[in-house]
Amino acid sequence: MTTPTLSTVKQFSDRHPAFPIGGLRHRIFHEETNGLKKSGAIIRNGRRVLINEEKFFAWLESQNQITA
């Protein structure tokens, strides 16, 4: 089993500049309705919010699926 890559919102944004902090926080705020919570990409440890990078990008890919 490999250890997942977990990042704070700031660390994630610094590592991936295409995702500004405000945009990430917006997605996290609406995680119930956008499917992000269901994907398991967001982990809460007390007040700290961590992003599982692999699951986040899998969720992002699933948002771009074309349905016929």
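What percentage of the 68 residues of the protein count as buried? I found that 29% of the 68 residues do, where buried means under 20% relative accessible area, exposed means over 50% and partly exposed lies in between, with a 1.4 Å probe and protein chains only.

Before going on, I noted that this is a predicted model, in which local features need pLDDT of at least 70 and side-chain atom pairs count only at pLDDT 80 or more, while totals for chains, interfaces and linings use all residues. I also noted that residues are numbered from 1 along each chain as its sequence is written, and that side-chain values use heavy atoms, with hydrogens and water left out.

**Overall fold**

I looked up the elements next and found 5 helices and 3 strands, taking helices (H or I, at least four residues) and strands (E, at least two) as DSSP runs numbered from the N terminus. Read from the N terminus on, their order is β-α-α-α-α-β-β-α. The radius of gyration, taken over C-alpha atoms, is 12 Å, close to the 11 Å of the globule rule for 68 residues, so the protein is as compact as a globular protein of that length; the rule itself is 2.2 Å times the number of residues to the power 0.38. Along its principal axes, the C-alpha trace spans about 40 × 30 × 25 Å.

I then turned to contacts, meaning heavy atoms within 4.5 Å, and saw that among those between residues at least 6 apart in sequence, 46% join residues at least 24 apart.

**Aromatic rings**

For rings I used those of Phe, Tyr and Trp (its six-membered ring), which pair if their centres lie within 6.5 Å; planes under 30 degrees apart count as stacked, over 60 as edge-to-face and the rest as tilted. By this rule I have 7 aromatic pairs. One of them joins F12 and F19, a tilted pair at 5.8 Å centre to centre with 55° between the planes. F12 counts as buried because its relative accessibility is 0%, and F19, at 12%, counts as buried too.

Why is the pair of F19 and F57 edge-to-face? Their planes stand at 65°, with the ring centres 6.0 Å apart, so the pair is edge-to-face. This pair links distant parts of the chain, since F19 lies in the loop between α1 (9-15) and α2 (21-29) and F57 in helix α5 (residues 53-63), 38 residues apart. F57 has 28% relative accessibility and therefore counts as partly exposed.

My last entry is that ring pairs link F12, F19, F56, F57 and W59 into a cluster.
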